[in-house]
Amino acid sequence: MIEITSMPIILIIILGTAGVFLPIISIIQKKTISSTLYWIISLTALLFSIFYVVYRLISSDTLSTFSEDVLTIDLLGNLFAISMLLVAILTTVGSLDFIRKKSHSSIYFSLILLSTIGMVLVAYSTDLIMLFVAWELMSIPTYVLAGFLKKNPSSNESALKYFLFGALSSAIIIYGISITYGLTGSTNITEVIRIFSTIDAEMLPLSLLAISMFIAGFGFKMGLVPFHMWLPDTYEGAPPTITALLAAGTKKAGFAAAIRIIIIGTIALNFDWMVALGIIAIMTMTIGNIAAILQKNLTRMLAYSSIGHAGYILIGLSTYPLSNIGLQGSLFHIFNHAIMKCTAFIAITGVLIAIKTTYIEKIKGLGIKMPITALGFTISLLALAGVPPLNGFWSKLMLFGAALDAGSTYSWMYWLAIAGVLNSALSLAYYGWIIRKMYFEGEKITTIKEPRSIIAVMIFSILFIVGIGVYPEPIIQFTDKIIFQLTMFLS
């Protein structure tokens with residue numbers, strides 16, 4: 001009999017009740033309700049959810065990484081759940097001024113909550129069928145949100161492209177699940193790992209095909225090269241707040257799923273994925289950063305930057321299990337990137353609200369026009385570049401250090417570190433270009449009113465990014481405990 005752990009169910013109840021309740025309110029009420037009420041309900045549900053996860057994390061000393069349940073509570077799931085709930089909270093807060101004058105705000109906030117349920121369930125899933133259901137629950141609301149600006153052709157195009165590639169990735173994942181079930185007779189990840197570790201040699205090609213299908217399917221959501229084609233157009237056309245949710249939230253859910261699956265390929269099949277993942281990592285970070293430097297639109301530039309950061313994260317996965325610091329660095333960078341990238345896109349939302357454009361040439365003097373928004377944007381860009389003492393510096397240092405450490409075993413690993421450092425330096429070119437436009441160009445500029453919701457996000461993010469950068473030890477220790485759990489399970 002399959003059991004389900006209580007914590008994910010409570011999160012489903014909190015977020016699901018609010019998500020279903022919002023449209024019902026808008027239908028029942030005859031008069032128009034302010035979008036602020038929907039915003040308050042959504043934000044309250046998200047805050048309750050993250051406080052509950054943190055409370056359970058502090059009060060529990062469980063060391064269970066996998067279980068026979070379809071959902072389980074573990075530190076890996078907690079890290080991703082906290083990251084994605086933080087992104088959902090920042091997206092919701094930053095949406096207030098953006099959505100205020102638009103219709104169907106109840107549907108907008110409802111879809112964010114429902115997608116957040118899917119993201120959290122992906123984080124805690126230990127069964128392939130549950131993982132797929134959670135994946136679809138996360139994805140389907142974002143297809144609608146990407147096209148929320150119905151009268152904007154670019155938004156419609158982004159939604160269509162996102163849906164088509166999302167459907168393709170889902171098909172690839174379900175194909176991988178079907179092969180896995182055919183080989184093992186189970187969809188529970190614990191059982192799959194156990195059976196794969198003793199599988200007959202003649203079945204090994206099918207096993208590798210199944211894992212390859214998983215990597216390809218999740219690769220679409222993570223924006224890995226060559227599965228990244230949809231991402232810049234979708235990010236550009238979607239509402240900027242939803243772009244923040246996609247880049248910082250759903251993309252991290254893809255990594256949550258991929259990390260558990262890669263464990264199967266690395267440990268259970270005794271297969272060396274390091275070369276393949278290393279090649280994808282170098283291609284992803286290089287193509288992402290080179291394409292970013294050619295863009296003239298802020299959203300497209302940060303979309304390609306997001307692709308580049310997926311390559312950095314892969315460095316840690318490609319060095320596992322040679323270096324635990326690599327996987328630890330990947331987890332730390334996933335957590336950091338979620339906040340850094342969300343901050344950048346919320347800042348773009350403020351720019352769009354205030355000056356009605358996201359083209360780089362139009363943000364001259366933004367440091368004077370919108371000082372708090374520009375400061376938050378600048379801090380997030382410098383953190384993305386890995387400039388000390390901001391949080392992005394430490395996770396990149398761990399990733400590149402892991403590649404150097406693994407290079408003592410496989411010399412080609414040194415190229416991962418070299419590629420990472422060179423790409424980080426390259427990213428400073430286009431990040432610096434944006435900062436130069438904001439602070440060193442433009443004349444006779446006056447201050448304009450900044451949206452309060454954007455200011456709130458910027459202040460929180462600045463404190464968060466600088467605070468983690470100055471004192472990263474708690475997060476590093478937390479990721480170390482996650483690695484310890486994985487080691488216990490795999491030993």
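**Reading aromatic pairs and a helix**

Trainee: Which accessibility class does W394 fall into?

Mentor: W394 has 28% relative accessibility and therefore counts as partly exposed (buried is under 20% relative accessible area, exposed over 50%, partly exposed in between, with a 1.4 Å probe and protein chains only). F393, at 23%, is likewise partly exposed. This is a predicted model, in which local features need pLDDT of at least 70 and side-chain atom pairs pLDDT 80 or more, while totals for chains, interfaces and linings use all residues. Residues are numbered from 1 along each chain as its sequence is written, and side-chain values use heavy atoms, without hydrogens and water.

Trainee: How many aromatic pairs does a search of the whole structure find?

Mentor: A pair of aromatic rings is described by the distance of the centres and the angle of the planes. The search finds 15 pairs (rings of Phe, Tyr and Trp, its six-membered ring, with centres within 6.5 Å; planes under 30 degrees apart are stacked, over 60 edge-to-face, the rest tilted). Among them, Y312 and F400 have centres 6.3 Å apart and planes at 75°, so they are edge-to-face. This pair joins helix 12 (residues 298–318) to helix 16 (residues 391–406) across 88 residues (helices are DSSP runs of H or I, at least four residues, and strands of E, at least two, numbered from the N terminus). Both Y312 and F400 are buried. F393 and W394, with centres 5.0 Å apart and planes at 75°, are also edge-to-face.

Trainee: Why is helix 13 described as largely enclosed?

Mentor: Helix 13 is so described because 26 of its 32 residues are buried. Helix 13 (residues 324–355) reaches 46 Å between its first and last C-alpha, close to the 46 Å expected (1.5 Å times one less than its number of residues). Just after helix 13, K356 takes a positive phi of about 65°.
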